[in-house]
Amino acid sequence: MTTITTIFIIFYFFIKSNNMSHLPKLAIVGRPNVGKSALFNRICEKKLAIVDEAEGITRDRLYSNADFFGTPFEIIDTGGIDSKSKADFNEHIKQQAEIAIEEADTIVMVVDGHIGVTKLDEEVAKILLRTKKPVCLAVNKIDNKAQENLIYVFQTLGIKKIIPVSAIQGWHIAELLEAAFENLDISEISQPKPPGISIAIVGRPNVGKSSLVNMLLDEERCIVSPIPGTTRDSVDVPFMYEDQLYTLIDTAGIRRKGSEHEVVDKFAAIRTQRAIERADICLLMLDSQQGITTQEKKIANMIEEAGKGCILLFNKWDLVKGFRMEHCMRGVEEDAIFLKHCPKVFMSAKTGRNIDKIFGLVKDVYDDSLKRITTHQLNKFIAGALQKNHPPMIMGKRLRIYYMAQIGVQPPTFVVFVNFPNLMSDSYKKYLYNQFREVYGFPGLPIILHLKGKKKVVGEREAAAIQESHDEEELGKLESENKGKEEIISKKKKAKKPKIEEEFDEEFNDDSVEEFEVEDSSWDS
């Protein structure tokens with residue numbers, strides 16, 4: 001290691017020494033393209049790391065909690081170590097691997113059983129043996145017992161514990177973990193703490209997501225470069241701020257479908273979508289110089305459909321000249337209606353401008369997502385809204401709202417009980433939605449409102465009135481809205497029936513009463 005790297009690692013552990021719970025850490029290292037990420041996914045039993053045949057897919061360190069026969073531990077995936085490679089970000093990848101080696105309690109070195117010992121394997125083995133930490137050699141791609149004799153050639157690396165494994169087949173994984181934790185005291189390990197508030201940082205490529213993570217953590221946690229698409233995996237980073245535990249999720253930039261030229265780009269987009277789904281709050285980052293684009297609108301729709309809170313970050317505001325914040329905010333609100341109610345921060349991840357405002361907004365939006373409103377308060381709101389603006393008459397009938405109740409949080413979900421949901425016009429929906437925003441706020445959160453109609457009993461008198469008053473077109477609409485009136489409609493269409501059929505109908509339908517319920521209709525923001 002160079003002197004600068006050593007100083008950086010010492011500084012990193014000084015920053016890391018918060019009151020976070022310490023679990024035993026297992027680092028997976030090796031040269032490129034030997035199956036480290038596949039083994040990482042197999043041990044943590046999740047498809048977190050992107051696996052591909054190409055070299056250099058993994059760049060940042062990836063962390064995940066795993067379990068070994070009831071004992072929790074933390075596993076770290078690293079990029080391939082290749083000191084002679086001239087690939088992009090090679091030095092950064094090597095630095096990330098060195099930090100993982102220094103941080104780990106035990107190390108698993110992965111090699112390719114079919115290729116045999118290479119010079120890079122020997123170089124990595126020397127680095128690991130110098131650490132004086134427990135090292136176990138995993139000879140990967142050994143799919144059955146007939147191939148176990150391939151492991152003996154790796155004894156020249158000087159590592160005593162050699163285990164044949166298959167990351168794809170899941171073969172000998174338990175034996176590998178048993179050998180890795182053999183000399184560690186794991187009897188007093190406590191269960192890991194909950195992840196706290198999960199924050200996903202999303203946006204287009206090269207808008208400054210990784211730079212923001214590094215600025216918040218005050219360390220080079222994620223690789224940063226001017227090249228779009230530097231981040232590929234979703235990187236989870238626990239972080240303590242003002243006695244509140246957060247989990248920052250740095251994600252890959254979501255490209256347009258036509259710009260995803262490589263399979264890795266498609267995998268990265270899938271990982272980002274999953275990060276949005278498991279996050280509590282999403283930070284949608286924009287490039288202030290370019291403004292909001294079609295891609296940001298699509299990402300905002302993804303956040304809204306997932307029911308997550310959203311905070312808008314205008315990054316690189318220090319580079320914008322000649323524009324006012326008010327004009328920028330107005331333009332965004334006109335282009336994306338959902339973003340109108342989202343908190344907005346004009347910031348710079350490079351200089352740290354206004355970054356201190358982010359966590360206060362995150363806490364407020366998160367608290368609002370858990371807020372509940374009593375039915376009594378909601379009924380008072382409905383009464384006030386009806387007094388200001390009565391619903392219009394539709395087909396001679398007026399919408400009646402009986403009461404409103406909250407049925408869920410994260411996102412806030414409400415149900416409105418009415419007489420007929422089809423009498424709720426789009427304009428009145430928007431009116432109620434805007435009134436609800438004015439009274440209760442819920443900034444940055446989608447509000448979901450469901451309409452539920454009452455049960456209605458249809459008798460013979462009502463059926464006769466319908467036959468006399470409605471023409472054929474209205475009967476067609478009635479048929480689509482209420483399947484329970486099919487017998488009445490069929491009588492209207494068939495003016496004359498044979499006498500035998502009429503007697504048959506009278507025998508079975510004279511005193512019948514049909515009960516139906518109007519299907520739920522939902523509308524959201």
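**View 1. Leu212 and its contacts in a predicted model.** Setting aside neighbours within four places in sequence, Leu212 is in contact with Ile201, Met285, Leu313, Met347, Ala349, Ile355 and Ile358; contact means heavy atoms within 4.5 Å. The model is predicted, so to speak for itself: local features need pLDDT of at least 70, side-chain atom pairs count only at pLDDT 80 or more, and totals for chains, interfaces and linings use all residues. Residues are numbered from 1 along each chain as its sequence is written, and side-chain values use heavy atoms, with hydrogens and water left out.

**View 2. The largest nonpolar core, with 81 residues.** Leu212 and Phe436 touch the most other members here. Such a core is a set of buried Ala, Val, Leu, Ile, Met, Phe, Trp, Tyr and Cys residues joined through side-chain atoms within 4.5 Å, where buried means under 20% relative accessible area (1.4 Å probe, protein chains only). Helix α12 (residues 426-440) gives this core its largest share, six residues; helices are DSSP runs of H or I, at least four residues, and strands are runs of E, at least two, numbered from the N terminus. Another core, of 26 residues, lies apart from it and includes Ile276, Ile292, Ile303 and Cys328.

**View 3. An open sheet of six strands.** The order is β8-β9-β7-β10-β11-β12, with mixed pairing; two strands pair if DSSP finds at least two bridges between them. Because β8 (235-241) and β12 (344-346) each have a single partner strand, one side of each is left without a neighbour in the sheet.

**View 4. Strands β10 and β11.** Seven bridges join β10 (residues 281-287) to β11 (residues 309-315), and the two run parallel. Asp287 stands opposite Asn315 in β11.

Note on methods:
Buried means under 20% relative accessible area, exposed over 50%, partly exposed in between (1.4 Å probe, protein chains only).
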